[in-house]
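Dear colleague,

Please find the structure below. A summary of the findings follows it.

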Amino acid sequence: MRNFPKPRIVVSACLNLKPVRYNGQEVRDEFVLKLLPYCEVLEVCPEVAIGLGVPRERVIVYRRENSFGLSQPSTGLELTEKMESFAETFLKTLQGVDAFLLKSKSPSCGVSNTKVYRDPEGREFHSKGRGLFALKVLDRFEYLPVEDEGRLKDKEIREHFLTRLFSVAELRENKERINRISELMDFHQRNKYLLMAHSQRKLKEMGRLVASAKEENLRETLSLYGSLFLQAIRKKPSRGQQVNTLLHIFGHISRNLKEREKAHFFKLVEDYKRGRLDKRLPLEFLKAYAYRFENNYLMAQTYLEPYPEELMV
Ligand code: SF4
């Protein structure tokens, strides 16, 4: 069982936290409810922060020539500058934050599915897009996990978000703790298969960086390593990448298995590859044998338990 870090996450205040929506209500979301106790939460409601009351008239995002604007059609209020300036000031103050969990469809917080209009009066629909605050978040924190509760209904997106959330938190804690190259090597080893599943190319690049690191420039190496780590895990791995990683891990235990056990594992992997089975099954197989053979190297791999099991829903 891994000791998980407590991720620091910025959350839209209306997600299970406070009734600050335009209609004076909050949104109940089961997954968010489950996740919040595992995290250090920093709540924010950008619309309340720029002085809009609760309840309030509808706010919309509209298309400008090369950017987006925010307005309140019924009052004629133009809110773009206020929101941009709040977002910049607020985001600048954030220290060591690991992720953002925002409210979907919102003209301020939406990471997806926000209605964008052609005009500040909201007369003509233009397209689906993002909220103004979310755009600033994505711009400033390009490599951190930023999602909304709507996108997290998709199981694969949710799993990838959780994997990144706890990996980024672990990276942050380790960057603060690591004082020797051997400790960085240990961190890299524990994350080897997690990195392999996401990007073989980055895994190799990071391996070279760690191998050539010197004690005297450990801080610079750690900073570069941290950036590469965030870049490596940014994109959701394909099934093919996951299968390749599962087979690599299997290579550590296969010589101790009977033919029937091997055949069973290959069947699980094949079923996962064809979308008939969850990745959890081949993973649990590998974990069980890592425990049985007391393979410390495998037992320490974050890939086998990337986030608390209770969050797997
Ligand atoms: S979506 Fe964002 S701006 Fe709207 S109520 Fe929720 S926290 Fe506030």
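In what order do the five strands of the open sheet run? The order is S5-S4-S3-S7-S8, with mixed pairing; strands pair if DSSP finds at least two bridges between them. At the edges are strand S5 (77-78) and strand S8 (125-129), each of which pairs on one side only. Helices (H or I, at least four residues) and strands (E, at least two) are DSSP runs, numbered from the N terminus.

This is a predicted model, in which local features need pLDDT of at least 70 and side-chain atom pairs count only at pLDDT 80 or more, while totals for chains, interfaces and linings use all residues. Residues are numbered from 1 along each chain as its sequence is written, and side-chain values use heavy atoms, with hydrogens and water left out.

Strand S3 (residues 60-63) and strand S7 (residues 114-117) are parallel partners over two bridges. Tyrosine 62 has tyrosine 117 in S7 as its bridge partner.

Around the ligand there are 14 residues, of which Cys14, Cys45, Arg56, Ser106 and Cys109 come nearest; a residue is near if one of its heavy atoms lies within 4 Å. Cysteine 14 is buried, with a relative accessible area of 10%, and cysteine 109 is also buried, at 6% (buried means under 20% relative accessible area, exposed over 50%, partly exposed in between, with a 1.4 Å probe and protein chains only).

Zero disulfides are found in the whole structure, a disulfide being a pair of cysteine sulfur atoms within 2.5 Å.

In helix H4 (residues 132-140), the buried residues are Leu132, Phe133, Ala134 and Val137.

Yours sincerely
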